[in-house]
Amino acid sequence: MKAKPSALVLTGIMALFSGSAFSASVPHEIFHPHGAKIIKAQRKNSEFEAEFQLHGDDVSSLAKQVRNHAQRHGFEVVESEIKRDDADLKFKRHGQELEVSIEQKNGIIEYKADLDWHH
């Protein structure tokens with residue numbers, strides 16, 4: 001009988017480390033692509049770093065989704081360089097800065113976002 005409660009505790013702990021638990025911790029200002037694997041989701045002082053991987057070969061489509069998402073959250077585009085296999089975007093909003101880097105290699109898209117709060 002004692003094995004069942006410990007199994008439930010273990011299941012609960014494992015659920016905390018699942019991708020869905022990490023996705024809940026990513027700030028809403030950072031676009032989370034559907035079906036993307038979260039590689040990193042980490043807060044450091046006044047900064048949040050997120051890194052995603054997804055299958056695909058067209059960076060420009062993802063970059064447009066990121067830009068639209070940021071603008072819907074009140075960010076203004078400061079820099080926008082979008083190519084088929086590489087994109088660099090920078091946004092600002094009321095003391096916040098969002099930097100995005102997207103790169104495609106061999107059918108895998110790596111998407112990194114850094115959100116900084118400057119007070």
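Here is a short walk through the structure, one selection at a time.

Before you click, note that this is a predicted model, with local features needing pLDDT of at least 70, side-chain atom pairs counting only at pLDDT 80 or more, and totals for chains, interfaces and linings using all residues. Residues are numbered from 1 along each chain as its sequence is written, and side-chain values use heavy atoms, leaving out hydrogens and water.

Stop 1: Select residues 37-44, which make up strand β1. Helices (H or I, at least four residues) and strands (E, at least two) are DSSP runs, numbered from the N terminus. β1 pairs with β2 in the antiparallel sense over 7 bridges; pairing requires that DSSP finds at least two bridges between the two strands. The hairpin has 2 residues between its strands, and Asn 45 takes a positive phi near 50° there.

**Stop 2: Glu 51.** Now pick Glu 51, in strand β2 (residues 47-55). This is the bridge partner of Lys 40. Glu 51 is buried yet has no salt bridge; Lys 112, the nearest side chain of opposite charge, is 4.5 Å away. Buried means under 20% relative accessible area, exposed over 50%, and partly exposed in between (1.4 Å probe, protein chains only). A salt bridge needs a side-chain nitrogen of Lys or Arg within 4 Å of a carboxyl oxygen of Asp or Glu. For charge, Lys and Arg count as positive and Asp and Glu as negative, while His and the chain ends are not counted. Show the neighbours too: leaving out residues up to four places away in sequence, Glu 51 touches Lys 37, Ile 38, Ile 39, Lys 40, Tyr 111 and Lys 112, where contact means heavy atoms within 4.5 Å.

**Stop 3: across to β6.** β2 also pairs with β6, in the antiparallel sense over 9 bridges.

**Stop 4: helix α3.** Select residues 59-72, helix α3. Its buried residues are Val 59, Ser 60, Leu 62, Ala 63, Val 66, His 69 and Ala 70. These pack against β2, β3 (76-82), β4 (86-93), β5 (96-105) and β6 (108-117). After α3 comes Gly 74, with a positive phi near 90°.

**Stop 5: the core.** The largest nonpolar core has 26 residues, and Ile 30, Val 66, Leu 98, Val 100, Ile 102 and Tyr 111 have the most contacts inside it. β2, α3, β4, β5 and β6 each give two or more residues to this core. A nonpolar core is a set of buried Ala, Val, Leu, Ile, Met, Phe, Trp, Tyr and Cys residues joined through side-chain atoms within 4.5 Å. Zoom in on Val 100: among its contacts beyond four places in sequence are Val 66, Leu 89, Phe 91 and Tyr 111.

**Stop 6: two loops.** Most residues other than glycine have a negative phi. His 94, in the loop between β4 and β5, has a positive one near 35°. His 94 counts as exposed because its relative accessibility is 80%. Next, select Asn 106 in the loop between β5 and β6: its phi is positive, near 55°, and its 79% relative accessibility makes Asn 106 exposed as well. Finish by drawing a distance from His 94 to Trp 117: their C-alpha atoms are separated by 9.0 Å, though the residues are 23 apart along the chain.

Key: The expected span of a helix is 1.5 Å times one less than its number of residues.
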